[in-house]
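The sequence and the coordinates should be read side by side.

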Amino acid sequence: MAEWLTVLTTIDDPEKAQALARGAVEARVAACAQIAGPVTSVYRWQGVVETASEWQVLFKTTAARYEALEAYLRAAHDYETPEIIATPVVRGDAAYLRWVEDETTPGTGTGTGAGTGAGTGAAG
């Protein structure tokens with residue numbers, strides 16, 4: 001049985017968020033990504049408490065593709081230490097989770113738009 005993950009990162013610009021999302025899906029390291037923001041982040045960096053507007057990007061992937069997604073995010077992200085946090089998906093709709101598996105398997109993919117909102121009424 002496959003294991004599925006949601007993987008969260010944040011970035012300081014909506015265009016950069018779009019680029020991260022699109023690149024991950026194109027590389028098949030994520031089946032889809034959702035962008036939310038701006039959110040206000042408060043954090044300590046190099047001894048100083050900072051406040052910044054950021055955009056959250058939530059990727060849907062499989063445990064088997066996590067390492068490739070993390071490597072992609074480290075290479076594509078411009079933060080020195082980007083937030084990359086994976087959370088296991090304990091349960092989900094079987095058809096949606098199969099779609100995540102299909103879309104993150106290199107050389108495959110249904111191309112049906114399932115889970116993308118393309119004529120299905122569903123969102124990624």
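**From the core to the strands**

In strand β3, the residue that bridges to R44 is V49; helices (H or I, at least four residues) and strands (E, at least two) are DSSP runs, numbered from the N terminus. The model is a predicted one, in which local features need pLDDT of at least 70 and side-chain atom pairs count only at pLDDT 80 or more, while totals for chains, interfaces and linings use all residues. Residues are numbered from 1 along each chain as its sequence is written, and side-chain values use heavy atoms, with hydrogens and water left out.

Strand β2 (residues 32-45) runs antiparallel to β3, and 12 bridges join the two; strands count as paired if DSSP finds at least two bridges between them. Two residues separate the strands of this hairpin, where Q46 adopts a positive phi near 55 degrees.

The largest nonpolar core comprises 17 residues, and V7, L20, A24, F59, L69, Y72 and L73 have the most contacts inside it. Such a core is a set of buried Ala, Val, Leu, Ile, Met, Phe, Trp, Tyr and Cys residues joined through side-chain atoms within 4.5 Å, where buried means under 20% relative accessible area, exposed over 50%, and partly exposed in between (1.4 Å probe, protein chains only). Two or more residues come from each of β1 (4-11), α1 (14-26), β3 (48-62) and α2 (66-76). Another core, of six residues including A31, C32, W99 and V100, lies apart from it.

Beyond four places in sequence, V7 is in contact (heavy atoms within 4.5 Å) with residues including F59, L69, L73 and I85. I85 belongs to strand β4 (residues 85-89) and also contacts T6 and L8. The C-alpha atoms of I85 and T6 are 8.3 Å apart, although 79 residues separate them along the chain. I85 is partly exposed, because its relative accessible area is 44%.
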